[in-house]
Amino acid sequence: TGVQTCALPICLLRVLPDVQVLLRGAARAIRPATGLGILTVLLLFLYGMIGWVLFDDVDPAAWGDIGVAMLSLFSILTLEGWTTTFAVAFDARPLAAVVFFLSFIMIGTFVVLNLLLGIMIGSLEEVREEERIRRSGEHADLELRMRELRQALDAVEHALKRDDSSS
């Protein structure tokens with residue numbers, strides 16, 4: 001029963017071709033998303049350095065060293081609870097906080113996350129198009145095979161009629 005349980009997801013993939021397309025699209029997006037991931041880490045590092053210099057003395061829990069600053073920026077990248085980190089920085093250095101946080105949110109959230117979505121959607125569209133072409137090719141192969149079988153059947157019927165007429 002353990003083997004049957006492990007084989008169930010594989011059987012489901014055969015029944016649900018859309019899931020296959022989704023998985024192939026995600027796999028195809030890995031390479032371009034890796035490049036985007038490297039750029040995102042670089043962005044986090046650069047902004048982490050700037051945030052560490054600007055806000056280390058204000059909020060050491062969020063900006064105490066580069067690693068903590070990058071982790072804080074990653075949580076800001078998701079737009080989860082960024083307002084509390086911003087409020088602490090804004091109380092100490094209003095202009096620097098506004099420029100720093102707004103530029104990071106605009107670049108990080110809107111550009112990086114939209115690029116990631118664009119990569120995923122593009123990969124899914126490519127896989128869908130390939131699947132459509134493959135399916136249309138299968139239909140063409142089936143139609144060709146059916147024509148060949150009809151011709152063979154016609155030849156057999158013709159031979160049988162000829163044999164009947166000669167007997």
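Close-up 1. At 32% relative accessibility, Trp52 counts as partly exposed, a class that lies between buried (under 20% relative accessible area) and exposed (over 50%), judged with a 1.4 Å probe and protein chains only. This is a predicted model, in which local features need pLDDT of at least 70 and side-chain atom pairs count only at pLDDT 80 or more, while totals for chains, interfaces and linings use all residues. Residues are numbered from 1 along each chain as its sequence is written, and side-chain values use heavy atoms, with hydrogens and water left out. Trp52 lies in helix H3, where a helix is a DSSP run of H or I with at least four residues, numbered from the N terminus.

**Close-up 2. Phe55 and its aromatic partners.** Rings of Phe, Tyr and Trp (its six-membered ring) pair if their centres lie within 6.5 Å, with planes under 30 degrees apart counted as stacked, over 60 as edge-to-face and the rest as tilted. By this rule the count comes to 11 aromatic pairs. One of them is the tilted pair of Phe55 and Trp63, at 5.7 Å centre to centre and with 50 degrees between the planes. Phe55 is buried, with a relative accessible area of 0%, and Trp63 is likewise buried at 0%. Phe55 also pairs edge-to-face with Phe100, at 5.5 Å centre to centre and 70 degrees between the planes. Because Phe55 lies in helix H3 (residues 30-55) and Phe100 in helix H7 (residues 94-166), this pair ties together parts that are 45 residues apart in sequence.

**Close-up 3. The largest nonpolar core.** A nonpolar core is a set of buried Ala, Val, Leu, Ile, Met, Phe, Trp, Tyr and Cys residues joined through side-chain atoms within 4.5 Å. Of the 21 residues in the largest such core, Phe55, Trp63, Leu73, Ile76, Phe100, Phe101 and Phe104 touch the most other members. Two or more residues each come from H3, helix H4 (60-63), helix H5 (66-77), helix H6 (82-92) and H7, and the largest share, 7 residues, comes from H7.
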